[in-house]
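Hi there,

Here is the structure I promised to pass along. Have a look at it first, and then read on for my notes.

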Amino acid sequence: MSIKKLLRLRNGIAPNYPQTILVLLIFLSSILFSPYNLVSSTFVGINDGSFLQPMVLEELDFYQEKLDFIAGRDNSVIAFIELNGGLIETPFDLTSVALSPVTQIDFIISNQSQFSNVWSNPLWRVPDGLVIRIKTRTTSSSRLEEISNNIINLVEQNYNLNLSLYSVQSVSYTETLISLLAPITTEIASSLFSDVFSPYDALLYGNTVSLMEEAINQSPDIYAFGYSLQKNLWSVNKIVRGAMVSLVDKISLNGGIYTFNLENTLGETIVPNPEAFISRASFRIPFIANITDIDPVPDNTGANVTGSFEWLLQYSHIPRYPNFNAVISYHPSTLADFTYPQVVMTNSYSDQILEDEGILNMTYTATNIGTDVALNTSITMPIPPEFASFINNGVNISVMKDYLMINESFSSYIYLDIDYLSYSLTIPILDIQGWYQNTATSQLQNWQNDTEIILDEYATIYCSSGLSSDLYYEVEQEIQPYIESVGSEKIISNILYYGPIIQTKLTNAVSNTYRTVFSEFYENKTLFQFESADFSNRSSIFGNYLESTIPILDVNETVDLSWQITNIPTASDKFGAFSIRPEYNGIYEYAIFQTVESDYKDLMLTLFTIINSAGRFLSSFDEVTNSFISLGSRYSYSDVTGREYYGLTNGLNLQIGDDEAVLESSLTLEESIYRVGEQINFNLNITNFGSLDAYDIHVDIVNLKLDFLWRPTGIVLVKSFDIDTILIGEELSHEFSIIANSYIGLNSYVALISFTSDKDQSAVEIINPWTGNLIPWIYGGEARNLVSSTLTFGILLPPPILENQAKQAFPLPEISTESVFEVNEEDSSLYLHYEIENKGMSPTNISLFQFIDQTLLDSFEANVIYIHNEVETELIIETSVEFGSVKVTYATLTLHPGDKIIITITGTNLPDNFTVPPLIVNYISLYEILTTDFQSIETQENPSTTLENPLSLKLSPAIINEDSQNYFIWSTFSSIFTINIPISDVYEKITYSSLPLFYPIVSVAAITITLSIAMIISKMRNK
């Protein structure tokens, strides 16, 4: 299995550690789509006159909110709010039979046609208007049509809006994405905002929603908002609401210093929602800046050098900032000449010490490889659940005293015999199998060799090999007085009455003996005891963790820190498993008193089996990836100016009680300071110091930041490797290169390594030495592991042409799509004109195509001109039929800055009512383009192209297959034209802005509804 679709990459000292467990994973999920029956004419809204379906209330108790700000173009600010959970009213009942195949539905309103005023791309991946996207578990055209028409009717009934299909796409072999669109007025959009965010637009729930609503009502250049419902098999399990708005001239400039003031931006301070479990705010600067002032101090580490500032406003309903305002002052600058510390920290343990001495000694080795002293290097290790229980409670087990051993071959059968006249009665008491032996004297412990115990003239206890003195005493105390008081002759004459009484007293005697022997031969031992002179066990509202600090770490200085878990049983440790169980000889029930000797492995695995433990103290199981995940410990440090940095140690997939492939890895970056577009070189070292080979290894190199809860954020996959096998003891060193393309400032990288251990091995069957039962230990079989390498970083600077500028620091492509049409009512003719231009700073590979219904295509004639360096070239148009629609491909080429493609289409003999679907422009960017889109559905028409990068391998028996660097894939849509002849002026009321192009012709009217979808997709190919 390849770790390529890792969702929810949450980590750290985050709340509810067992649930939020880790991940970097970290990771972006990438859904690759291909066109499926796009713009099918069969999907038509049908108003069947059915009754109005009531609105549905959905609610999730766990509620979170966040408010983000990004510094945009020309002193603008982009604000974004996201609410996760809570109560929502929706017309879509995902539990209904009609929508049973639907797993997700998005309801989004946007107006982004003027995005270029504030940003390089539309910030949400939707066209202007009302967009409804439906993800379904079906590929049946008839079923998709039913679902589509059901949604169309619900929206028409509840909102009086007419949706039409603009795409249907295949998500996978079993899933399909339907996308519907309706043009709306600004007034309707304002009304829908209240519907989407009710009831949280009331001051009772803080003011974050009301401030966003007020900003949107002021007619900004761009905005978008909406919600997403996601469903498991039974009910809605995710409710996400989001809203984005651009605010112009909100960053002040005075004497070269830029200042962002949150209160000035929104007009008020932020009041968190008191019902939210967590509330947070952030501000991002997408370019290098020298931070001159921050108030209050951010909660995330490395804020100054990552340009990302985050504050925790409220946690677990406890407000930290009842009224929050943030002020950040900065000026664009370069970090080319500054010195900095860089602490690399690895952790490792000795398998030999663990096996021989029962001590897990975890050592952290910290080295400052930077150019300046590192101060207060503080390392924190979030404690996994099993580890926490060991540290807090220990594990107590009764073990045999050191001077004893078990003689398993010894046995003695003990029974009561009563002979009275001609009557004889034999009652079995105990079958002793195995007994305790003194290791010094080789004598049985507390044992007497008497083979007979005469109770009276008629009753005798016989012992085949003697019996324990403890049992002798208990029998005398329980049975002899009773037999003497009743008399053997009476017992024989009425055995039906006295037999059960004697049996009960024998049982009591054995039970009392068990308790006596247990206390004499056994002692409680606490296993897995935590010890450390360096680390302390700390707790906070975020959970438990181990913490240690190195006050000063000079350049090239190395310091070791460690913690231990002692009293781990070893293979040489012996344990007496003391058990008692009933046996029946056909007449009487008696006891088998058995003692067997158990070694380290039997004891450990039985213990783990009983408590359903995997024995992985440093790993947590993640159901999404079906893997045991072990990430490194987090640490932070600062330079002499107080600027903070962060790091991660490597993860270790240690398993106690079983053999395992254990991979230890480190990632290093050769360059320390580099610019956008330059080649940077890495070395990844992986060593298998476990006791098994590692198979099916997949490595993802990811670029990331850590947020205020030390969870991975902003994760970008940049490189991937596949390795067949890493043998026991093998050390692999792999060199590779990428083009520096993301995260201006502190640019951090980590390797995520997934692999299989115990390949093809089924669950281990364990014999419980206390009961003799056979128990499967599922964690002893094949397992998938995910471990992280050490984190490395360099300082990424913008290219010289973008240095010292308050704008995005990447030479991005920026694709403009402008369009207009003219319709002549007299002869039902059409003139359609598209202009596609790269107004950005870098070239991009683009693909231009359009899905047109066959009936329209027969009436169309098209011409395509490509303009490069003022030279015009006519392009050949290609067509292909896909699912009943015709895909018209106008161009597939590289569009350089300033290049244009002009498409003109003329149509004659047109129907009275028809729709011209959008022109789709797919293009590729090497550089990251930020987005605020909260949606998880991402679309892609074609896989990205890749660049060849130099690579070299040091000698290693492992075979490595390397994927090229990933690229960001984007799409932009032109206008979609809906024509009704005769033309009505109603269309002028539903457009958001004036037409980008206009051809005044008598008796001609025009409408433009711009569709622009912007995406960031990390190419994560399934192997």
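**What I found**

In helix α12, the buried residues are Tyr-498, Gly-499, Ile-502, Gln-503, Leu-506, Ala-509, Val-510, Asn-512, Thr-513, Val-517 and Phe-521; buried means under 20% relative accessible area, exposed over 50%, and partly exposed in between (1.4 Å probe, protein chains only). Helices (H or I, at least four residues) and strands (E, at least two) are DSSP runs, numbered from the N terminus. An α-helix has 3.6 residues a turn, so residues three or four places apart point the same way. Helix α12 covers residues 495-521, 27 residues in total, and reaches 37 Å from its first C-alpha to its last, close to the 39 Å expected at 1.5 Å a residue (the expected span is 1.5 Å times one less than the number of residues).

Before going further, please note that this is a predicted model: local features need pLDDT of at least 70, side-chain atom pairs count only at pLDDT 80 or more, and totals for chains, interfaces and linings use all residues. Residues are numbered from 1 along each chain as its sequence is written, and side-chain values use heavy atoms, with hydrogens and water left out.

**Aromatic residues**

The structure holds 43 aromatic pairs. Rings of Phe, Tyr and Trp (its six-membered ring) pair if their centres lie within 6.5 Å; planes under 30 degrees apart count as stacked, over 60 as edge-to-face and the rest as tilted. Phe-260 and Phe-283 are stacked, because their ring centres are 4.1 Å apart and their planes stand at 10 degrees. Phe-260 belongs to strand β11 (residues 257-261) and Phe-283 to strand β12 (residues 278-284), so this pair ties together parts that are 23 residues apart in sequence. Phe-260 is buried at 1% relative accessible area, and Phe-283 is buried at 0%.

Tyr-415 and Tyr-462 are stacked too, at 5.5 Å centre to centre and with 25 degrees between the planes. They link distant parts of the chain, 47 residues apart: Tyr-415 is in strand β21 (residues 404-420) and Tyr-462 in strand β25 (residues 459-463). Tyr-415 is partly exposed at 25%, as is Tyr-462 at 26%.

Phe-521 of α12 also turns up in an aromatic cluster with Phe-410, Trp-435, Tyr-436, Trp-447, Tyr-522 and Phe-593.

**A four-stranded sheet**

An open sheet of 4 strands runs in the order β17-β18-β31-β28, with antiparallel pairing (two strands pair if DSSP finds at least two bridges between them). At the edges are β17 (343-349) and β28 (529-531), each with a single partner strand, so one side of each has no neighbour in the sheet. Within the sheet, β18 (residues 360-368) and β31 (residues 558-566) pair over 8 bridges, and Thr-365 stands opposite Asp-560 in β31.

**A few single residues**

Where does His-734 sit? His-734 is in strand β43 (residues 731-739) and is buried, with a relative accessible area of 1%. Its side chain makes a polar contact with that of Glu-962 (3.0 Å); such a contact is a pair of N or O atoms within 3.5 Å, and within protein one must be able to donate a hydrogen and the other to accept it, while residues adjacent in sequence count only if both atoms are side-chain atoms.

The peptide bond from Ser-198 to Pro-199 is cis, with omega near 5 degrees, and Pro-199 lies in the loop between α3 (186-197) and α4 (208-216).

Best wishes
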